[in-house]
Amino acid sequence: MKYYIVIPSHNEEKFIALTLDSLVKQTVLPAKVVVVNDNSTDRTAEIVQEFAQKYPWITLTNKTSDAIHLPGSKVIQAFQKGLETLDDHYDFIVKADADLIFPNNYFETIIRHFKSDETIGMAGGFAYIEKNGDWILENLTDKDHIRGAFKAYRKVCFEQIGGLKPAMGWDTADELLCKFYNWKVVTDASLKVKHLKPTGANYNKASRYKQGEAFYTLGYGFFITAIASVKLAMRKGKPLLFLDYLKGFWKAQSEKKTMLVTPEQAKFVRRYRWKKMKEKLF
């Protein structure tokens, strides 16, 4: 299967070479890799160009946007910029971060999953972070969720869900829409991706309400948002984030923020979320 990778990047000179090096060592190479240099002020672009000279399938695209790092919108706008440089002659498309080290067999294994079942719409591994010299699971999500840092989408599925939404919550919206359209989402615990920079390391204070806004725009409703907020705040080890998430939800509700899903899809999302919660309880 033929696959393309788009890598949004902003000031990633410390990690981008490690990411690209892990891609050139894949047992099944990507057909194209586009690194989107989003307003970097360091050597990111220079490092990518060095790889591009050695490997013609790696290219650099430059983008200028606000330097403020708000989760969701900035990275997906950069992804979209990279996507616009590509043709559609691929079997699956990958959105990847610029601070990862993929195991050498990562995409060979992803291909095996896609080939095994034509109803698989998305596939991915798990993120591991370094702590006290050991690589441990970055346990921020359920085991059936693919981290936004490395998502692979079958072309037909990607087109049916309408691509990626430029807002926080995009990496939950895509999976919920996959399920809405009866696609399977597959995670593979054998695929351990080293995540070199902790999630949220660059987020500023203005972003703390964004998670609650995401819950609103995904159609969760208040009760599911409250439960999800407690769960996420506890996983992050910061219980008071629960209040920020609820404030973000109420703020988005009062401002009538644009939804990431249609009313029909929102009903499906709520049914699906309640079902998953009941499964865990019983």
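Modeller: Ala266 is buried, at a relative accessible area of 6%. Bear in mind that this is a predicted model.

Colleague: Where is Ala266 found?

Modeller: Ala266 lies in helix H10.

Colleague: And what is Ala266 in contact with, leaving aside its neighbours within four places in sequence?

Modeller: Gly219 and Val261.

Colleague: How far is Ala266 from Ile5, C-alpha to C-alpha?

Modeller: The separation is 30 Å. Along the chain, Ala266 and Ile5 are 261 residues apart.

Colleague: Stay with H10. At what angle do H6 and H10 pack?

Modeller: About 95°, with the axes 10 Å apart. H6 covers residues 170-180 and H10 covers residues 263-281. That angle makes H6 roughly perpendicular to H10.

Colleague: Which residues meet there?

Modeller: H6 brings Thr172, Leu176, Leu177, Lys179 and Phe180. From H10 come Glu264, Gln265, Phe268, Val269, Tyr272 and Arg273. By class, the contact of H6 with H10 has six nonpolar, two polar and three charged residues.

Colleague: How many of the 11 residues of H6 are buried?

Modeller: Eight, so H6 is largely enclosed by the rest of the structure. The buried residues are Trp170, Thr172, Ala173, Asp174, Glu175, Leu176, Leu177 and Cys178.

Colleague: What follows H6?

Modeller: Asn182, with a positive phi near 65°.

Colleague: New topic. How do the axes of H7 and H9 cross?

Modeller: At roughly 50°, and the axes come within 6 Å. H7 is residues 210-217, and H9 is residues 241-254. The two helices are therefore oblique to each other.

Colleague: Is the crossing of H7 and H9 right-handed or left-handed?

Modeller: The crossing is right-handed. On the H7 side, the contact is made by Gln211, Gly212, Glu213, Phe215 and Tyr216. On the H9 side, Tyr245, Gly248, Phe249, Ala252 and Gln253 make the contact.

Colleague: How do the residues of that contact divide?

Modeller: Five nonpolar, four polar and one charged, for H7 with H9.

Colleague: Now H8. How many residues, and what does H8 reach from its first C-alpha to its last?

Modeller: H8 has 15 residues, 221-235, and reaches 21 Å. That is close to the 21 Å expected at 1.5 Å a residue.

Colleague: Which residues in H8 are buried?

Modeller: Ile224, Thr225, Ala226, Ala228, Ser229, Leu232 and Ala233.

Colleague: Why would residues three or four places apart point the same way?

Modeller: An α-helix has 3.6 residues a turn, so residues at that spacing point the same way.

Colleague: And what do the buried residues of H8 pack against?

Modeller: H7, H9 and H10. Just after H8, Gly237 takes a positive phi of about 70°.

Colleague: Last one, Leu196. Where is Leu196 found?

Modeller: Leu196 is in the loop between strand S9 (184-195) and H7. With 21% relative accessibility, Leu196 counts as partly exposed. The cut-off for buried is under 20%.

Colleague: What does Leu196 touch, not counting residues up to four places away in sequence?

Modeller: Phe15, Leu18, Asp99, Leu100, Ile101 and Trp135.

Colleague: How far apart are Leu196 and Asp99 in sequence and in space?

Modeller: 97 residues apart in sequence, and 5.3 Å apart in space, C-alpha to C-alpha.

Technical notes
Residues are numbered from 1 along each chain as its sequence is written. This is a predicted model: local features need pLDDT of at least 70, side-chain atom pairs count only at pLDDT 80 or more; totals for chains, interfaces and linings use all residues. Side-chain values use heavy atoms; hydrogens and water are left out. Axes are lines fitted to C-alpha atoms, for helices over the stretch in contact, and angles run from 0 to 180 degrees between N-to-C directions. Helices (H or I, at least four residues) and strands (E, at least two) are DSSP runs, numbered from the N terminus. Angles under 35 degrees count as roughly parallel, over 145 as roughly antiparallel, 65 to 115 as roughly perpendicular and the rest as oblique. Contact means heavy atoms within 4.5 Å. Ala, Val, Leu, Ile, Met, Phe, Trp, Tyr, Cys and Pro count as nonpolar, Asp, Glu, Lys and Arg as charged, and the others, Gly among them, as polar. A crossing is left-handed if the near helix is turned anticlockwise from the far one by less than a right angle, and right-handed if clockwise. The expected span of a helix is 1.5 Å times one less than its number of residues. Buried means under 20% relative accessible area, exposed over 50%, partly exposed in between (1.4 Å probe, protein chains only).
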